[in-house]
Amino acid sequence: MTRQEILTELKKVIAPYTTNKEMLADINEDTDLIRDLKINSANLVDIIIDAEAKYDIEIDYDAADKMMNVGTCIDVISERLK
Amino acid sequence: MGKRVVVTGMGVVAPNGIGLPAFLHAIQNGLSGVKFMPHYRELNFSCQLAGMPDFKWDSLTNYISDVTLHGLKGTNIGYGLVAALDAWADSGMPYDTDAPRWETGCVFGNSIADTEAMKNVIIRVDNKEARKLGSRVVEQAMNSGVTSYISGRLGLGNKVITNSAACATGTQAILMGYEYIKHGYAQRMLVGSAEHVDTYVYGAFDSMRVLSRKFNDSPEKASRPMSLTAAGFIPGSGAGALVLEDLDFALARNAKIYAEVLGGSSNSGGQRLGGTMTAANSTGVIRCINESLASSGIEAQRIDLISGHLTATNADRQEIQNWSDALGKKGNDFPYINSLKSMIGHCLSAAGSIETVASILQIAHEFVHPNLNLDDPNPEITNIVSADRIPVKMIKKEVNIVAKANFGFGDVNSCLILSKYN
């Protein structure tokens, strides 16, 4: 999967957790989940759990801590898809 | 003398109607909300009926954000949100606010989190998958879940309290909100209660043999308070909510006023003198009613209507005796009395708030709602109260003062005195 393909899929994972739907359509690797997409910090856990289920991967707590923007999310997911 | 407290908004999710117009229509016309539950037959329950609101889960999109709704599983929270937010809108106020509403608090009660929803949690934990539970479980499992969702949506910034007193929860919540305003701690309180009787709670009541077992084929006849053939209650679900305000505060914003809360009392019989975990100590009940009258500054003869607890168990007769002893009234001299449970079953924690909404509608629209399934009144009850004081058809009449009481497990009692606003 290319980074672009992961980003496209990631949008669907993130969608239920942001009220900022316009911003979601235009996300890039620098988009911050909390600051830009106004996601409740407690819900980051849910995004990680949903991503694990979607890609059939396991994201440990240390890796999860890095997933603060779209780029780092893609880093963690693509590493585990290798 | 404290502040006067008035009701300026109401919302209801009842088995026989969601929203005030539907609920008013239902209680004026004696429409039953008791339904046959096929699933309960499969589960081998003895009673297979429930007072179940015709609730559309998707309707919550009109009340909360899609993000909040995603992952919301607690049925009691859904009911509570709709009743509370409807009451708020009915009171003429918008949901959204940037600043906390420091002048407004919330007392909302419930019995237990939605155990059916929590079953998923238990299965995952037992399956060693706790890390997959996500962030939304705790906020829905905690007793203050309903209150937290309501106060968060509306930005309520005064006291936010979750109460629980079994079947007396709803009336107790309203009383607590009334007291906070009366004593000047808050100018407005959003009060009420919610209940979702899931299969696990239902099963536990079924096993106590306190539910009506003989009417599974005729659901609408099953809830029979004060009837000779009353043989247990029908569990119900739903929520009721009221906006209470300091009278001056309500007048200053030209709020519509439905009624006034004159006073009330909440006590316990102490599980002494005949009171137990499951039975009321009559001395405690009578004391609660008398304290309510005293705190309201009214005499017993001014009560036009009693909205009873009256669940359709063998406790009905003793309840009537207690009212008679407390008020010093019997026969033709007894106030009108009715039981909303004849239409919707017993909504447990939500009973008091739904029944208070019904009581205030009767004051505001000047009627006494009928008692269903009273074609065979219990003679031990009509020995105390004339049958014509227990109407089986709606009576159109001015209703100035209602006494609304509920009695719960743990030998807890709550009584409110509600009045037309003069």
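Predicted model: local features only at pLDDT ≥ 70, side-chain atom pairs only at ≥ 80, totals over all residues.
Residues are numbered from 1 along each chain as its sequence is written, and chains are lettered from A in the order in which they are written. Local features need pLDDT of at least 70, whereas totals for chains and interfaces use all residues.

The buried residues of helix 1 of chain A are I6(A), L10(A), V13(A) and I14(A), a residue being buried if 20 or more other C-beta atoms, placed from the backbone, lie within 10 Å of its own, and exposed if 12 or fewer do. Seen down the axis of this helix, the buried residues fall within an arc of 80 degrees, taken over the directions from the helix axis to the C-beta atoms, so they line one face. They pack against helix 2 (21-25), helix 3 (44-55) and helix 5 (70-81) of chain A, while the face turned away from the buried side carries the exposed residues Q4(A), E5(A), T8(A) and K12(A).

The contact between the chains takes 9 residues from chain A and 8 residues from chain B, two residues being in contact if their C-beta atoms, placed from the backbone, lie within 7 Å. On the side of chain A that touches chain B there are 5 nonpolar, 3 polar and 1 charged residues, with Ala, Val, Leu, Ile, Met, Phe, Trp, Tyr, Cys and Pro counted as nonpolar, Asp, Glu, Lys and Arg as charged, and the others as polar.

Terms used
Helix = DSSP H or I, 4+ residues; strand = E, 2+ residues; numbered from the N terminus.
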